[in-house]
Amino acid sequence: MIPITESRVSTYTIPTQDPESDGTLEWHSTTIVIVEVRAGAASGVGYSYGHKAMATVIADVLLPLINGRSALDIAGNWVAMCRAVRNNGRSGLSAMAIAAVDSALWDLKARLLEVPVATLLGAVRDAVPVYGSGGFTSYSIDQLQRQLAGWVDRGIRMVKMKIGRDPQADVSRVRSAREAIGPAAALFVDANGAYDAEQAVRQAEQFTAFDVTWFEEPVSSDDTNGLRLVRQRKPAGMDIAAGEYGYTVYDFRRLLETGAVDVVQADATRCGGITGFLQAAALCDAFNMPMSAHTAPALHIHVCCAVPRVRHIEYFHDHQRIERLLFEGVPEPAEGSLRPDLSRPGFGFELKRADAQRYVA
């Protein structure tokens, strides 16, 4: 046994470069909650994005629980944390708090064993494709086109834009996006649940003129019947995707059992960390369903190299920017893919503590 001897949580809020919005939400900053744990001569780091209130759950409930427990017993620590938040609600902030601690524990264990997390998990590939993601509804057409075309110019062959804020304007915005990226790049759209099912079907039919191949959350992820209806009536060649708000394995099972999606999205910063992501991946294996990693690209690289059915990682504008601001050692996409640095143990990145101080929340 190698006991966990130290742990800490810190919170940072980073302003956006410009005002941002999607189909259902507007924001001007993003908050990241970072957990650090230590055992022996090694320390690990994990994080989640969300309200700073999750730091209270981490500090008051989770870190006192894991202190003194074995750093190698990730499964035992994960179960103990899930039990500890029962009366606070297992989903939402509790799941995100567990995610930050769990990811830090995976990083710590890999560093104690002096291997990358991908090696610890058992890699089945050495790189994972990414898609550039942003194209916020608050952007002008010029901003939208410059951002999407910029990703394509960097060799990223798939891009995603936000829709749903103004359904009447969405078709012309999608047309502008296609004009900017050319005919070869894949174009994805994300409504963030802004449409109802009938409206989503009508929009999907119009998007086919611009070869849209991915329609994310055309309706709310909670509306599995609506998702299934859209999936049944979608144009050929267009995938319906959802799952980013899956917090427990039961959320993913519901999407799969109801036939609501073509691709399951999972987010290790929300679904209980690397452990929860692996559970979602096991379900996708059982249902022969592909999956995709939602946002937080630096955190997802290693686990996605170990999951056979992962298609790609979302290279989300806000998160990739924050990860480069706060961490040293974050890989950049090359030839449209992210590749873990296997010369470094754990996740391979380190908190730039001095740089982070200006963003303390």
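Modeller: Cys271 counts as buried, with a relative accessibility of 3%. The model is a predicted one. The closest cysteine sulfur to that of Cys271 belongs to Cys304 and is 10 Å away, which is too far for a bond. A disulfide would need the two sulfur atoms within 2.5 Å, and by this rule the count comes to zero disulfides. Cys82 is likewise in no disulfide; its nearest cysteine sulfur is that of Cys271, 11 Å away. Cys82 also counts as buried, at 14% relative accessibility.

Next, the charged side chains. Arg270 forms a salt bridge with Asp267, and the closest N and O atoms of this pair are 4.0 Å apart. Arg270 counts as buried at 16% relative accessibility, and Asp267 is buried with a relative accessible area of 1%. Elsewhere, salt bridges with shared partners join Lys160, Lys162, Asp190, Glu216 and Glu314 into one network.

Another pair is Arg311 and Asp239, a salt bridge whose closest N and O atoms are 2.7 Å apart. Arg311 is partly exposed at 35% relative accessibility, whereas Asp239 is buried at 18%.

Over the whole structure, the search finds 25 salt bridges. One of them joins Asp126 to Arg339, with the closest N and O atoms 3.4 Å apart. Asp126 sits in the loop between helix H4 (117-121) and strand E4 (128-134), and Arg339 in the loop between strand E13 (337-338) and strand E14 (350-351), so the pair ties together parts that are 213 residues apart in sequence. Asp126 is partly exposed, with 47% relative accessibility, and Arg339 is partly exposed at 47%.

Side chains of opposite charge can pair when their charged atoms come close. Glu20 is a case without such a pair: it is buried yet has no salt bridge, and the nearest side chain of opposite charge, Arg321, is 6.3 Å away. The cut-off for a salt bridge is 4 Å. Glu20 lies in strand E1 (residues 4-21). Its side chain does make a polar contact with the side chain of Trp27, at 2.7 Å. Leaving aside residues up to four places away in sequence, Glu20 touches Leu25, Glu26, Trp27, Phe136, Ser138, Tyr139, His317 and Asp318.

How values were computed:
Residues numbered from 1 in each chain as written. Predicted model: local features only at pLDDT ≥ 70, side-chain atom pairs only at ≥ 80, totals over all residues. Heavy atoms only, no water. Buried < 20%, exposed > 50% of the residue type's maximum accessible area, 1.4 Å probe, protein only. Helix = DSSP H or I, 4+ residues; strand = E, 2+ residues; numbered from the N terminus. Lys, Arg positive; Asp, Glu negative; His and termini not counted. Polar contact = N/O pair within 3.5 Å; in protein donor to acceptor, adjacent residues only side chain to side chain. Contact = heavy atoms within 4.5 Å.
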